[in-house]
Amino acid sequence: MIIETIHSDRMKDHLIAQFADKPVIYAELDALGAELDLLRQAFTDLREKRWIDTGEGMQLNGIGTIVGRPRQIDNAIQVEFFGFQEQDNTQTFGIGRFRGDTETWLMSTTVADDLYRKILWLKVYKDTARATADDIMHSVAAIFDVEHVTMQELGNAKIMLGIGARLSANDLHFLQAVNLFIRGGGVGIEATEMYDYKQYFGFLGQPNARTFGEGIFADLLDIMGVI
């Protein structure tokens, strides 16, 4: 970390002419100024780095303690083992190894600062939201990092969500572990589908919709416990 010599230079500028360029006085001012600069930097860090957008490392960890969202996400990543085609995140013969009886298929991960900031903001938003339709769509868009989310009311406190992105099995496991979706009490997610917003199959008048042979059909997601 580079500390600017602000106080030392300022004190030298205020010396009267007879003390200008005196090495002993300059050395004393440099020593005192360095301590004042460190103190100034500490106060600046207290003011500016105890915030989600500017904090780093331990500062973010402290914010995570306050809002109740630690940096380590348990059971967030699915480990690749030997498996079959219909199973998520599996490998074939010669690539994937067999999973031992005592091995777990999910492991924890510690996220870096950039992702942790996003998670902390989502936790704050979840704690302060009123679970309106806009709140639900905003949380889904932010967590999946997509621009396009649709929501359809099905009646009897049921809704269907559409997510304009393709998600991997690890994406879903991570999001389930983070658990920052917003959903009103008693509101059920009847179904959730993912689709490629740029080339999905659809009908005339729908943005970016494609016809037969060009558009890609949406897929239903099994995200029970995720949302």
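**Reading the pocket, the strands and the salt bridges**

Modeller: Strand 5 contributes four residues to the lining of the largest pocket, the most of any element. This is a predicted model, in which local features need pLDDT of at least 70 and side-chain atom pairs count only at pLDDT 80 or more, while totals for chains, interfaces and linings use all residues. Residues are numbered from 1 along each chain as its sequence is written, and side-chain values use heavy atoms, with hydrogens and water left out.

Colleague: How many helices and strands are there in the chain?

Modeller: Helices (H or I, at least four residues) and strands (E, at least two) are DSSP runs, numbered from the N terminus. The chain has six helices and eight strands. Along the sequence their pattern is α-α-α-β-β-β-β-α-α-β-β-α-β-β.

Colleague: What is meant by a pocket, and which residues are the closest to the centre of the largest pocket?

Modeller: On a 1 Å grid over the protein atoms alone, a pocket is an open set of points where a 1.4 Å probe fits, with protein on both sides within 12 Å along at least five of seven lines; lining residues have an atom within 4 Å of a point. Grid points are joined across faces, edges and corners, and the volume is the space filled by probe spheres set on the points. Here the largest pocket holds about 300 Å³ of space. It is lined by 18 residues, of which T150, E193, Y195, Y200 and Q206 are the closest to its centre. Strand 5 and strand 6 each supply at least two residues of this lining.

Colleague: In which sense do strand 5 and strand 6 pair?

Modeller: Two strands pair if DSSP finds at least two bridges between them. Strand 5 (residues 149-155) and strand 6 (residues 158-163) are antiparallel, with six bridges. Within this pairing, M151 is opposite L161 of strand 6. The hairpin has two residues between the strands, and N156 there adopts a positive phi near 55°.

Colleague: How many salt bridges are there?

Modeller: A salt bridge is a side-chain nitrogen of Lys or Arg within 4 Å of a carboxyl oxygen of Asp or Glu. The count by this rule is four. One of them joins D30 and K12, at 2.8 Å from N to O. Since D30 belongs to helix 2 and K12 to helix 1 (residues 6-13), the pair ties together parts that are 18 residues apart in sequence.

Colleague: Which residues form a nonpolar patch on the surface?

Modeller: Patches are made of residues with over 30% relative accessible area and no salt bridge; like charges are joined within 9 Å, and nonpolar side chains (Val, Leu, Ile, Met, Phe, Trp, Tyr) within 5 Å. Accessible areas come from the Shrake-Rupley method with a 1.4 Å probe, and for residues only the protein chains shown count as cover. L39, F43 and L46 make up such a nonpolar patch, with about 310 Å² of accessible area together. L39 lies in helix 2 (residues 23-48) and is partly exposed, at 45%.

Conventions: Buried < 20%, exposed > 50% of the residue type's maximum accessible area, 1.4 Å probe, protein only.
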